[in-house]
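Please consider the complex below. The briefing that accompanies it is arranged by topic.

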There are 2 protein chains.
Amino acid sequence: MAGANIKQVARHAGVSLGTVSNVLNRPDSVAPATRQRVLDAITELGYVRNDSARQLRAGHSRTVAIVVLDVANPFFTDVVRGAEQVVEEAGAMLVVCNSGGDNARERRHLELLEEQRVRGVLITPVGHGPQPQLEKLIDRGIPVVLVDRGTGRASRCSVAVDDVLGGRLAMDHLLDQGHQRIAYLGGPLSIAQVADRHAGAAAAVEERGTGAELQVAVTTSLTVAAGRRAAEQLLALPARQRPTAVFCANDLIALGVLQEVTARGLRVPADVSIVGYDDIEFADAAAVPLSSVRQPREQLGRTAAQLLLEEAESGDTHRHRHVVFQPELVVRRSSEQPRRARR
Amino acid sequence: MAGANIKQVARHAGVSLGTVSNVLNRPDSVAPATRQRVLDAITELGYVRNDSARQLRAGHSRTVAIVVLDVANPFFTDVVRGAEQVVEEAGAMLVVCNSGGDNARERRHLELLEEQRVRGVLITPVGHGPQPQLEKLIDRGIPVVLVDRGTGRASRCSVAVDDVLGGRLAMDHLLDQGHQRIAYLGGPLSIAQVADRHAGAAAAVEERGTGAELQVAVTTSLTVAAGRRAAEQLLALPARQRPTAVFCANDLIALGVLQEVTARGLRVPADVSIVGYDDIEFADAAAVPLSSVRQPREQLGRTAAQLLLEEAESGDTHRHRHVVFQPELVVRRSSEQPRRARR
DNA sequence: CCGGCTGGATGAAACGTTTTAGTCGCTATA
DNA sequence: TATAGCGACTAAAACGTTTCATCCAGCCGG
């Protein structure tokens with residue numbers, strides 16, 4: 001009952017092997033009576049298609065992969081959910097791979113995915129530099145869609161949120177509040193999003209021209225723990241060098257900072273204002289509700305998956321597209337208090 | 001350059017096809033000179049193994065699947081990370097599938113996984129009832145390990161945390177604080193964890209015998225939004241019927257309750273005490289730090305993966321094992337305040 | 001009554017591996 | 001000197017599909 005193949009089904013139903021295949025793939029092309037006989041045989045033997053053989057014949061699998069920087073980051077889980085919807089609707093399967101922000105792990109995953117001849121890859125690459133393994137995939141004709149990573153090259157589709165704009169929004173807001181010593185927290189800088197958000201923030205300070213100072217504290221990862229450690233260092237500074245506001249590369253960092261700051265007995269936003277990035281569900285539920293830059297996360301995933309499937313279908317006739325969404329600043333208590341000017 | 005197969009590599013290197021395979025799989029068995037020639041041919045042609053063909057031959061794939069109730073739930077992302085470590089160390093690949101607590105989706109995933117002839121499946125099943133699709137996998141000889149789901153049947157391994165004990169711990173704590181009207185929030189009850197935690201809570205109330213009352217409010221899912229909605233209903237009750245403490249089936253629900261309660265101008269824990277479950281990272285960062293029942297999440301994943309691989313290796317000689325971890329109550333501000341007795 | 005057409009079924013090739021049995025030339029042993 | 005043994009390599013089978021070229025019977029129009 002366990003391991004029947006198509007040939008045994010055929011014998012059991014008294015038809016040829018090709019007919020069984022037809023029942024499976026083009027049921028209309030076989031006479032109702034025969035079809036029923038085959039179907040009966042299938043259930044009777046507990047036959048289950050062997051996807052390996054199918055793939056081998058087809059030249060590619062029916063799974064789509066998404067490679068994210070961190071599975072545990074709510075930003076990515078939302079993107080994944082969006083992509084999942086579209087992919088499953090198309091009868092395919094989405095597999096989630098976690099690079100953890102590590103170049104080597106990313107490469108390893110891409111190698112495995114190439115071996116698997118996946119139908120396509122959605123990826124938020126670790127670095128901005130060229131990723132040879134990714135080029136290899138594209139050479140082989142496997143569609144690749146860049147997720148949340150800029151306008152990319154002409155050789156692939158991409159969906160993104162304008163991170164430079166996001167950084168600018170956050171920083172303009174803090175400058176509006178009168179802050180003069182502001183810190184940007186995030187890292188590693190090899191992560192493009194981290195760099196872009198910083199670029200936007202720096203540009204905003206520059207343009208404002210009021211001589212505000214933007215310090216940068218680079219963290220080793222985008223986690224709550226990293227945020228807490230970074231805050232520890234900032235708070236060790238003498239009060240007059242200490243920044244009065246912190247803009248964090250994501251909400252996890254921001255939550256870490258929030259924890260550490262309040263643990264030290266300082267108040268948010270009275271002593272330190274905080275703005276995060278991503279507007280994850282928990283930003284609103286934090287000890288002090290967190291101001292944050294919101295991105296259309298699920299939509300990002302959906303759109304990416306759509307572009308991918310589109311490319312997988314249309315083959316050569318495909319023209320690469322680049323979709324850019326606009327972020328939006330959500331002001332909450334962690335930064336909203338009207339303040340006197342500071343220096 | 002893109003699509004070379006083993007045969008072309010062989011021709012290019014002037015050897016037989018079998019020799020190339022040997023270079024790939026048993027490099028020591030081929031003479032160094034020949035080996036080098038083959039290796040050169042491989043890089044020159046950009047050859048990449050075709051995993052479908054490999055699998056077909058081997059009879060099973062080298063990927064392990066984990067089917068979780070909710071990818072976006074931090075509890076599961078941690079379990080996934082634990083499993084990932086072990087699986088990748090073994091040179092295999094972990095694919096994450098999301099049942100979303102939906103029976104039909106779970107079945108669909110299992111069907112696909114059976115077609116893929118995966119090496120094994122880690123799963124937190126949606127219901128406690130029998131899942132025929134799961135039995136089918138086992139019949140076929142695909143190892144299945146139950147994650148976070150009780151002592152299970154003898155036909156498979158399992159790892160779990162004692163949810164009944166967890167419910168008991170939480171409830172004992174609340175009873176110790178003198179609460180007499182307590183609500184249990186969670187759902188759907190078809191999710192085993194939800195039912196078990198409730199069972200533990202009910203048992204604690206029963207044993208205490210002080211006539212405390214345990215209301216149950218069933219939610220449609222284990223999300224922040226569901227928690228908020230449930231809280232809305234509870235708070236609509238007249239003050240003297242309203243529970244003074246709430247025990248939530250997970251932290252997401254608890255965070256939702258916390259948000260709604262504070263939004264209504266009530267204080268936690270003065271007006272309503274809250275205890276959550278899972279002790280996710282954000283429990284500590286919430287507006288009022290959340291008491292919660294902690295589970296060894298990553299270890300759960302690691303152990304599950306180890307059991308799975310063990311079974312996959314040893315085949316028939318395998319004896320199923322059931323590992324149970326103990327949960328631990330973490331008391332924080334949301335429930336810790338010493339209180340006068342209530343009624 | 002014949003030729004062509006059509007719906008329904010068949011047989012065989014092909015996909016790219018891994019593995020097993022076997023071949024071949026050498027060297028060490030009796 | 002025959003032979004057993006060994007190292008290095010080869011040839012071919014097998015894994016389970018899908019697809020394509022055939023084939024066959026029946027039916028229609030002429």
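The points that follow concern a helix pair, a chain contact and a DNA surface.

This is a predicted model, in which local features need pLDDT of at least 70 and side-chain atom pairs pLDDT 80 or more, while totals for chains, interfaces and linings use all residues. Residues are numbered from 1 along each chain as its sequence is written, chains are lettered from A and ligands numbered from 1 in the order in which they are written.

**Helix pair in chain A**
- Helix 6 (residues 103-115) and helix 7 (residues 132-139) of chain A pack at about 15 degrees with axes 9 Å apart; axes are lines fitted to C-alpha atoms over the stretch in contact, and angles run from 0 to 180 degrees between N-to-C directions.
- Helices (H or I, at least four residues) and strands (E, at least two) are DSSP runs, numbered from the N terminus.
- Helix 6 and helix 7 of chain A are therefore roughly parallel (angles under 35 degrees).
- R107(A), L110(A), E111(A) and E114(A) of helix 6 meet Q133(A), L134(A), K136(A) and L137(A) of helix 7; contact requires C-beta atoms, placed from the backbone, within 7 Å.

**Contact between chains A and B**
- Chain B and chain A contribute 42 residues each.
- Helix 5 of chain B gives the most to the side of chain B that touches chain A, with six residues.

**Surface near DNA strand C**
- Of the 25 residues around DNA strand C, S16(A), G18(A), T34(A), I6(B) and A53(B) come nearest; near denotes a C-beta atom, placed from the backbone, within 6 Å.
- Helix 2 of chain B gives the most to this surface, with five residues.

Terms used: Parallel < 35°, antiparallel > 145°, perpendicular 65-115°, else oblique. Contact = placed C-beta atoms within 7 Å.
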